[in-house]
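Please give me a short briefing on this structure. Group the points by topic and keep the sentences brief.

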Amino acid sequence: MPITKKGKEAIVAKLKDKIKRAKIIIFANFSAIKVVELTKLRKLVQGIGGELVVAKKTLFGRALREAYPRESIDVDSIAGEVIFAFGYDDELLLSKTLVQSTKVSKSIKILNGLLGPRVLLYDEVIGLANLPERPQLLSQLMATLQAPLRNLSILLKVELIQVITILTQINKK
């Protein structure tokens with residue numbers, strides 16, 4: 001039974017809300033995936049604060065054009081069945097999870113995505129997945145910011161020790 005116009009409008013409204021709330025959206029092609037695999041992937045994505053949605057490309061495209069009217073993304077031209085992964089909390093974690101699941105299951109192929117309104121190509125999604133996680137990035141940033149001060153304090157200690165050594169030698173004479 002076909003979906004009524006009101007039903008389509010409700011689906012578009014829900015998708016538009018999800019698009020607006022999501023920090024990242026990843027498009028993946030899935031073909032001949034088993035229900036068990038899809039259910040596992042859905043639970044995995046839900047566990048990291050995301051959501052997997054299977055929707056008609058035309059309805060998703062309409063919701064996308066309503067959410068981001070300035071962006072030109074032609075979802076309809078994507079061949080095959082598409083699953084949309086919404087990441088609401090952590091952008092990196094969703095991309096890492098989906099990239100790892102594509103290594104396990106050959107029936108899922110990442111296509112591209114959106115980071116806010118910005119279009120991500122396949123290579124950029126893979127690049128996001130290869131970045132270190134947030135705590136590691138923050139610790140690297142802190143180490144980089146602390147390095148000049150640490151080096152200065154070491155230098156001042158060394159200079160002070162040398163001055164004390166010279167003064168004690170002069171005092172002994």
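Glutamate 91 lies in helix α4, which covers residues 91-104. Helices here are DSSP runs of H or I with at least four residues, strands are runs of E with at least two, and both are numbered from the N terminus. This is a predicted model: local features need pLDDT of at least 70, side-chain atom pairs count only at pLDDT 80 or more, and totals for chains, interfaces and linings use all residues. Residues are numbered from 1 along each chain as its sequence is written, and side-chain values use heavy atoms, with hydrogens and water left out.

- Glutamate 91 has a relative accessible area of 26%, so it is partly exposed. Buried means under 20% relative accessible area, exposed means over 50%, and partly exposed lies in between (1.4 Å probe, protein chains only).
- Glutamate 91 is in contact with Lys23, Ile24 and Leu115, leaving out residues up to four places away in sequence. Contact means heavy atoms within 4.5 Å.
- Glutamate 91 and isoleucine 25 are 66 residues apart in sequence, yet their C-alpha atoms are 8.6 Å apart in space.

**Salt bridges**

- The structure holds three salt bridges. Each is a side-chain nitrogen of Lys or Arg within 4 Å of a carboxyl oxygen of Asp or Glu.
- Aspartate 17 pairs with arginine 21 at 3.4 Å, N to O. Both residues lie in helix α1, four residues apart, about one turn of the helix.
- An α-helix has 3.6 residues a turn, so residues three or four places apart point the same way.
- Aspartate 17 is partly exposed because its relative accessible area is 41%. Arginine 21 is also partly exposed, at 45%.
- Lysine 18 bridges to glutamate 51, with the closest N and O atoms 2.5 Å apart. This pair links distant parts of the chain: lysine 18 is in helix α1, glutamate 51 is in strand β2 (residues 50-54), and 33 residues separate them.
- Lysine 18 is buried because its relative accessible area is 16%. Beyond its neighbours within four places in sequence, lysine 18 touches Glu51, Val53, Phe86 and Tyr88.
- Glutamate 124 and arginine 118 form a salt bridge at 2.9 Å, N to O. Glutamate 124 is partly exposed at 29% relative accessibility, and arginine 118 is partly exposed at 44%.

**Surface patches**

- Lys5, Lys8, Lys56, Arg62 and Arg65 form a positive surface patch. Helices α1 (5-21) and α3 (57-67) are the elements that give two or more residues to this patch.
- Patches are made of residues with over 30% relative accessible area and no salt bridge; like charges are joined within 9 Å, and nonpolar side chains (Val, Leu, Ile, Met, Phe, Trp, Tyr) within 5 Å.
- Lys and Arg count as positive and Asp and Glu as negative, while His and the chain ends are not counted. A charge is placed at NZ of Lys, CZ of Arg, CG of Asp or CD of Glu.
- Lysine 8 is found in helix α1. Its relative accessibility is 33%, so lysine 8 counts as partly exposed.
- Leu138, Leu141, Met142 and Leu145 form a nonpolar surface patch, with about 380 Å² of accessible area together. Accessible areas come from the Shrake-Rupley method with a 1.4 Å probe, and for residues only the protein chains shown count as cover.
- Leucine 138 lies in helix α6 (residues 134-172). Leucine 138 is partly exposed at 42% relative accessibility.

**Buried side of α3**

- Leu59, Phe60, Gly61, Ala63, Leu64 and Ala67 are buried in α3.
- The buried residues of α3 pack against α1, β1 (24-30), β3 (82-87) and β4 (108-115).
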